[in-house]
Amino acid sequence: MQHPPQDIRAGYFFESFRLLWGQDLRSDDDHQAAGPFMENIDDLETSPKPSVRHEPVPHLHERNAGLPISKLPPELLQQIFYFTLFTSSGNRRHQYISMISILRSVSWAWRELVDGTPFLWSHISSSDPPDFVSAAFYRSKQSPLHLQYADSDDDGPESAFLDRALTGLHRWVSLSIGYAKRVIFANYFTTPQPRLKKMRLISSGPWDSDAPVRLFGGSWTSLEELHINWSGVLDWSEVQCGRLRVAEIGPCGGLSLPVIIGIIQENQRLEVLKLDSITFSSSPPPYQRDSPIVLSHLRALTLASLDTQPQHPPQCHPTYYILRHIQFPSCTEFIINTSMASRSTSNIEEFMNILPSPLNILTRSPPDPPSPHPTARSLEANFSASEFCLTTGERAHHGVRYKVVVSYAPRAITRRWLHGTLGSDPIEPIADIKLFIYIGGHHLQLEDIAYFQEWEAVTHLSIQIHAWHRQDEVESRLVRMLSTPYTSASGAAMMPFPRLRCIEAHLWAVPGEAVIEMIRKRFSTPGIGISQPEIIIIDSRNGKMEFLWPDLDGIREIDLFHSISFGPTSNEPPGSQSPDSLESD
């Protein structure tokens, strides 16, 4: 086709656009006029391509080939390319396809290097463009394959992607399956796979049968990582796996407690074991082991929302059953979330007593290499839907964590367990404890707060009062309790929570004068030894106000208190605490 000069085509384009912009396309003549306009648009789009391909691109390739980075050894460039395309955990980055295309366009040498490096092409997804999938399977050569599959609308009982992938079955090392029809599982995922090291089942859709699927014939002998969050039913009866390091299993049908114990028994080098939201298929047999299974490499354990169908008897609570079967001397991330509904007091006490001590976990060193920074350590003990909760520290990616959430546990049992496991004053290794207590008509009372008043580690006290007809009385008693010395077990006069830095409570009925009296008694009572604060911060319905010690008279004008915070004391270094940090969770 003979193209007119660029400036003439541009004139055609603007003139056509002007005409079409000023009128609707209603008549046949209008539509006929639109034809040349669209042809001009096509010409405008395609005509620059040959000139770009034959003039600027070779010039850019030649220029880029002379850049210093292009002179690096190929082996080093390959590593740079790898970390450009993949995360430190080995997963494809979000813009993987566009980034590999950019790398190939830099120069001819880079294109040849990228195309000739098989491991850069070995992560392939069924959602990738078909041309890219074909190129990736070809260029990956014999490199181990990391595959992601999810059904598409075009897939029936067969999948072109999986057909191509099966020709390299011996190269599969990682497989992630999203939604997949049962017929796809039957056709492609039942053949034994001898080299698969990592398997992830994300979800499944509605199947026409509840019959379980035997994934890869139950032969998982090379598997090192298993991640399941899946609503389908698997056949676990003859699963063979003895090399697991990571087992994270969420909702999944067909799983029983004896199978889980068997998997643990055969994989004693487990480093991560997480079981979450599983309803086991039957109640387990009575505990019969002579000694528990010692998982000396286990660093993370999660047992959350576990149940059985039908309802398990009290002595076969799934979490309790698993904890009785294992020991984990190196675990630094311990998470339990369960319910004690319909359990007797003796059952609940037996369950609480089998939990490891928080201090036992929190004093351990994390498995990561030594760091110049202090290890982050966090504790959360949450009972009866946050009626009573104790937290400390902040969760860190590389730290030590202990979290226990138990619903329907009597406060007498939980507070006794906390006091017994943490001791009379758990200042080390956990400091700056936040204690949250809910006080209602039939819930925790002030006496429950006083149970922990000797703990110097408590720096933040959060109290929610919904006593209704006793609201005024409970608020007044709370303010008096926090400013009234008590006699400790050693016979010394002590102020409750001596290192308290923040009181978070909505005091609707307490007048400002009573708050002033509480503050002055806490910090001015002779023989108590609490250092006076430099600043007091009051948060009320009118916002925040600051008062310098001892000038507190302005507090009289405040009502409807939200929180009271005490700034640095005279024996603390400047900047050790700030008002903002005092009120942060």
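Tutor: Let us begin with pLDDT, the predictor's confidence in each residue, given from 0 to 100. This is a predicted model, in which local features need a pLDDT of at least 70 and side-chain atom pairs count only at pLDDT 80 or more, whereas totals for chains, interfaces and linings use all residues. Residues are numbered from 1 along each chain as its sequence is written, and side-chain values use heavy atoms, with hydrogens and water left out. The protein chain averages a pLDDT of 81, and 78% of its residues score at least 70.

Student: Where does the pLDDT stay under 50, and how many contacts does the model have there?

Tutor: One such stretch is residues 1-10, with 7 contacts beyond four places in sequence, a contact being heavy atoms within 4.5 Å. Residues 570-585 also have a pLDDT below 50, and that stretch has 23 contacts beyond near neighbours in sequence. Where pLDDT is low, the predicted coordinates should not be read in detail.

Student: What share of the residues in the protein chain is called buried, and how many helices and strands does the chain have?

Tutor: Buried residues make up 45% of the 585 residues in the protein chain; the term means under 20% relative accessible area, while exposed means over 50% and partly exposed lies in between (1.4 Å probe, protein chains only). The chain has 19 helices and 24 strands, these being DSSP runs numbered from the N terminus, with helices (H or I) of at least four residues and strands (E) of at least two.

Student: What makes us say that both faces of strand β5 are covered?

Tutor: In β5, residues 225-228, Glu225 and His227 on one side and Leu226 and Ile228 on the other are all buried.

Student: How do you know that β5 pairs with β4 and with β6?

Tutor: Two strands pair if DSSP finds at least two bridges between them. Strand β4 (residues 198-201) is joined to β5 by 4 bridges, and β5 is joined to β6 (residues 246-249) by 4 bridges, so each pair meets the definition. Both pairings are parallel.

Student: Why is the contact between arginine 214 and aspartate 235 called a salt bridge?

Tutor: A salt bridge is a side-chain nitrogen of Lys or Arg within 4 Å of a carboxyl oxygen of Asp or Glu. The closest N and O atoms of arginine 214 and aspartate 235 are 2.8 Å apart, so the pair qualifies under that definition. Arginine 214 lies in the loop between β4 and β5 and aspartate 235 in the loop between β5 and β6, so that the pair, 21 residues apart, links distant parts of the chain. At a relative accessible area of 30%, arginine 214 is partly exposed, whereas aspartate 235, at 19%, is buried.

Student: What does the salt bridge between lysine 434 and glutamate 504 tie together?

Tutor: The N to O distance is 3.9 Å. Because lysine 434 lies in strand β17 (residues 433-440) and glutamate 504 in strand β21 (residues 502-507), the pair ties together parts that are 70 residues apart in sequence. Lysine 434 is buried at 16% relative accessible area, and glutamate 504 is partly exposed at 29%. By the same rule the count comes to 21 salt bridges.

Student: How do you know that the buried residues of helix α5 lie on the same side?

Tutor: The buried residues of α5 are Leu77, Gln78, Phe81 and Leu85. They cover an arc of only 105° around the axis, which puts them on the same side of α5; the arc is that of the directions from the helix axis to the C-beta atoms. Among what covers them are α6 (96-106) and α7 (108-115).

Student: Why is threonine 279 called partly exposed, and which residues does threonine 279 touch?

Tutor: Its relative accessibility is 44%, so threonine 279 counts as partly exposed. Threonine 279 is in strand β8 (residues 279-280) and touches Leu255, Asp307, Thr308 and Gln309, not counting residues up to four places away in sequence.
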